[in-house]
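Please describe this protein chain as a short report, going from its domains and core to a pocket and then to individual loop residues.

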Amino acid sequence: MSEGQNNNEYAGLQFDGYECQFPLVRGTENETGIDISKLRKETGAVTLDYGYVNTAACRSSVTYLNGEQGILRYRGYPVEELAENSRFVEVAYLLVHGKLPTESEQEHFSTLLNEYSMIHEDMRHFFYNYPEHAHPMGILSAMVVSLSSFYPEMSQGNSQLGMSEEEVDVATTRLLAKIRTIAAFSYKKSIGEPFVYPRHDLKYCENFLNMMFSSPVYDYQIDPEVVKALNILLILHADHEQNCSASAVRLVGSAGVNLYAAISAGISALWGPLHGGANQSVIQMLEQMQREGGDLQKYIDKAKDKSDPFRLYGFGHRVYKNYDPRAKIIKSTCHDVLEKLGKDDPLLQIALDLEERALNDEYFIRRGLYPNVDFYSGIIYRAIGIPENMFTVMFALGRLPGWIAQWKESREDPQFRIQRPRQIYVGPNLRHYVPMSERE
Ligand code: SDX
């Protein structure tokens, strides 16, 4: 019996005179699901689950999370081992292809990433016509979907349906190569500097840093410590199972639209301050605390006050009710990077003090609210020289291989179908049209 299938175990449900048996589904890490795919057919009823807190949308073999134990693995490999020993391009290959590459596979993949790293020259005009302070996430989302116009390799007229495996490989590798260039160009646009083109003699992260920080008058010196920190950050952001943006990619992709449009939807979802946009909101929150004299308790109290919309950005998580394993690694990388770059960021001490207070506060302890992936990442981006409005773009760069892996798995799933949830209608009952002259 393949994993994730029914093994003749059932959950019973009795209501309104119905007696139903629904198959149990067991995952490879002993997670249990109740397959209710026949519920509406047998009873006319649907389930209601705001935020999908209790709902699995699919079977997946990409990433395993255990929120209670703080476990995160990509294709079975602990993220701690990958952050310690691997590089982002190797992890991207692992997520997209399901296995670690051999030397020749890695070499071929890196060569393609360089070959595909340029964007069509006509795309430059899009950048020139954006307002000066356009947010790079808005630019990124628009640029990615526009790739479907410049690279219509979808043999089925801009649809993913019927794409060959070869076409999928080209489209996904092309996107991984170009998103780095688009991100760097959007930064150059925002500071009014000329674009720096990708170079074939540089590896993925080095190329990105060079496109970001070199200029005709400044030859950026690539610091191996910065490259190492960037690889770790991108690896830690690479996937996170069925989070909001991955679910957006799967849902939009389920309509059969092309890859670029589905990924563009993921970028838009990630932009939200409750999701990937939190890394920018954390730094803005810490800067505000610093400006206001560092009264941290005031913010802790605001975060606990239900009448106040303020939330402690970078804290809390839908799945982790323990320390986010990624936050632990990023926190220690923070100290390393600042020390090796000889930098001192007062926001780090504010963040450490804030964490200390929150983790000793009953409100946060009772709700299992710990620092998440976004709490310390901005401190490293600042140390590297990346501006605040690019922080979520960095998250998107890291998350792209995960989105691609989820998109590929969804379209290869034997149960692939368009996603269309149901609802519980609570609106007006039947009523008939009344001419305006007769209305009160
Ligand atoms: C990411 O899903 C993923 O995997 C996402 C991600 C990924 O890699 O893709 O990990 C990336 O998005 C990380 C999260 C980044 N967002 C933030 O840091 C924003 C601040 N965090 C919160 O908005 C919140 O914790 C969420 C959005 C992350 C989670 O929201 P949930 O799961 O809906 O939790 P909830 O709102 O139901 O909170 C439960 C309780 C509530 O209080 P009670 O109603 O029980 O009294 O905890 C409280 C919340 O008010 N709470 C917070 C809080 N987070 C939750 N209170 C104060 N500050 C916070 N940050």
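The report below treats a predicted model, and it moves from the overall layout to single residues.

## Domains and nonpolar core

The domain assignment divides the protein chain into domain 1 (5-56), domain 2 (71-271) and domain 3 (278-384). Taken over C-alpha atoms, the centres of domain 1 and domain 3 are 38 Å apart.

The largest nonpolar core comprises 121 residues, and Tyr74, Ile263, Leu286 and Leu312 are the ones with the most contacts inside it. Helix α7 (residues 165-190) supplies the largest share of this core, namely 12 residues. Because domain 2 (71-271) and domain 3 (278-384) both give residues to this core, it lies between them. For Ile263, once neighbours within four places in sequence are left aside, the contacts are with Val144, Leu175, Val249, Leu400, Trp403 and Ile404.

## The second largest pocket

The second largest pocket has a volume of about 320 Å³, and its lining is made up of 20 residues, of which Ala83, Glu84, Lys228, Ile232 and Thr333 lie nearest its centre. The elements that give two or more residues to this lining are α2 (79-85), α9 and α14 (325-340). Helix α9 provides the largest share of the lining, with 8 residues.

His240 is found in the loop between α9 (224-236) and α10 (244-253). With a relative accessible area of 5%, which falls under the 20% limit, His240 counts as buried. Not counting residues up to four places away in sequence, His240 touches Thr63, Leu65, Leu72, His317, Tyr320, Arg326 and Arg399. With one of these residues, Arg326, the side chain of His240 forms a polar contact of 3.4 Å.

Glu241 also has its place in the loop between α9 and α10. Glu241 is partly exposed, its relative accessible area being 22%, and its phi is positive, at about 50°, although Glu241 is not a glycine.

## The loop between α16 and α17

Asn372 is located in the loop between α16 (362-366) and α17 (374-384). Its relative accessible area of 7% is under 20%, and Asn372 is therefore classed as buried. The side chain of Asn372 reaches the backbone nitrogen of Asp374 at a distance of 2.9 Å.

When neighbours within four places in sequence are left aside, Asn372 is in contact with Gly314, Phe315, Gly316, His317, Asp324 and Ala327.

## An exposed loop residue

Which residue has a phi near 55°, a positive value in a residue other than glycine? That residue is Tyr52, placed in the loop between α1 (39-43) and β4 (63-66). Tyr52 has a relative accessible area of 54%, a value over 50%, so Tyr52 is classed as exposed.

Key: Residues numbered from 1 in each chain as written. Predicted model: local features only at pLDDT ≥ 70, side-chain atom pairs only at ≥ 80, totals over all residues. Heavy atoms only, no water. Helix = DSSP H or I, 4+ residues; strand = E, 2+ residues; numbered from the N terminus. Buried < 20%, exposed > 50% of the residue type's maximum accessible area, 1.4 Å probe, protein only. Polar contact = N/O pair within 3.5 Å; in protein donor to acceptor, adjacent residues only side chain to side chain. Contact = heavy atoms within 4.5 Å. Core = buried A, V, L, I, M, F, W, Y, C linked by side-chain atoms within 4.5 Å. Domains from an automatic or database assignment. 1 Å grid on protein atoms, 1.4 Å probe; cavity = no way out; pocket = protein on both sides within 12 Å on 5 of 7 lines; lining within 4 Å. Points joined across faces, edges and corners; volume = space filled by probe spheres on them.
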